[in-house]
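Hi,

Here is the structure I promised to pass on.

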Amino acid sequence: MSSEKQPCTYQQTRFHRFHGYNLSLHDQDTVAHREMSFANAIVFSERSLSPGEVFLIEIESSENGWSGHIRLGLTQLDPDALQRSGHLLPQCAIPDMVSNKTMGESWICALTKHQAWYDANYLTNYFRLDGNHVFTSRGTFPTSILKSSRDDKMDILPTDVGSRVGVLYLPCGQNMAVMHFIINGEFVVPLSRTIPYNDGPIRAVIDVYGATKRVRVIQVYNVNSLQSACRETILKNIEAASVSKLPLPNALKEYLLYKT
């Protein structure tokens with residue numbers, strides 16, 4: 001047995017294999033491609049998201065001749081249960097998944113060419129913007145990964161090929177959370193504000209709709225350091241409010257709360 005230490009890595013973020021019948025998955029389930037028509041291309045994140053965890057995608061291709069663009073958001077639908085029961089996904093995420101709550105709640109918005117922006121400066125136990133880095137409940141990553149990789153990124157519209165769109169939710173009260181979009185590194189005005197995040201696991205949901213043809217998952221969380229892995233394990237087992245009571249030096253307590 002080798003004594004060489006192996007790096008601690010995150011599981012790759014993927015799409016769930018239960019999806020709309022016009023959709024196909026590629027590159028180890030990290031790319032979703034609509035094969036035909038304009039709809040029946042709903043897909044979920046492979047697993048549920050933690051509070052503050054960013055699910056980020058990039059638009060890889062578009063198709064002329066259709067109106068509307070990608071729709072995305074959050075859902076408490078369980079794709080595994082839907083698949084076992086033989087359910088077919090609806091044709092469109094909006095209005096079908098939003099209005100039909102018999103299978104679970106969904107909070108979904110249509111991406112448009114122009115969004116309402118605001119200057120976010122979050123500091124929570126789950127998500128913190130700090131200069132060139134973003135600290136979240138799942139790990140830390142550079143803010144640059146949220147921005148388009150295109151050379152003309154200053155002129156890119158949210159619906160353009162190369163645009164990067166992230167979705168996350170942040171608790172704002174007892175069993176209530178707010179859904180946020182981050183588009184090419186900029187925050188969109190908060191969307192749904194009444195998500196009962198303790199009622200069930202929450203996944204990202206994407207409808208590769210209309211002019212949007214193909215999207216790719218961007219791997220935000222690649223490598224986890226031992227230090228950050230220990231922090232995340234601790235915070236999964238105790239409430240953040242209890243960190244101050246731990247028999248640890250103040251410097252470690254501040255690290256656990258993403259203050260350093």
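Strands here are DSSP runs of E, at least two residues long, numbered from the N terminus, and two of them pair if DSSP finds at least two bridges between them.

Before going on, the ground rules: this is a predicted model, with local features needing pLDDT of at least 70, side-chain atom pairs counting only at pLDDT 80 or more, and totals for chains, interfaces and linings using all residues. Residues are numbered from 1 along each chain as its sequence is written, and side-chain values use heavy atoms, leaving out hydrogens and water.

Both strands belong to an open five-stranded sheet, ordered E1-E4-E15-E6-E7 with antiparallel pairing. At its edges are E1 (15-19) and E7 (106-110), each pairing on one side only.

Next, Lys213 in strand E16 (residues 212-217). This lysine is buried, at 10% relative accessible area (buried means under 20%, with a 1.4 Å probe and protein chains only). Its side chain reaches the backbone oxygen of Arg34 at 2.8 Å. Leaving aside residues up to four places away in sequence, Lys213 touches several others, including His33, Glu35, Glu63 and Val208 (contact is heavy atoms within 4.5 Å).

On confidence, mean pLDDT (the predictor's per-residue confidence, from 0 to 100) is 87, and 89% of residues reach 70 or more. Residues 1-9 stay under 50. Where pLDDT is low, the predicted coordinates should not be read in detail.

Cheers

Conventions:
Helices (H or I, at least four residues) and strands (E, at least two) are DSSP runs, numbered from the N terminus. Buried means under 20% relative accessible area, exposed over 50%, partly exposed in between (1.4 Å probe, protein chains only). A polar contact is a pair of N or O atoms within 3.5 Å; within protein, one must be able to donate a hydrogen and the other to accept it, and residues adjacent in sequence count only if both atoms are side-chain atoms.
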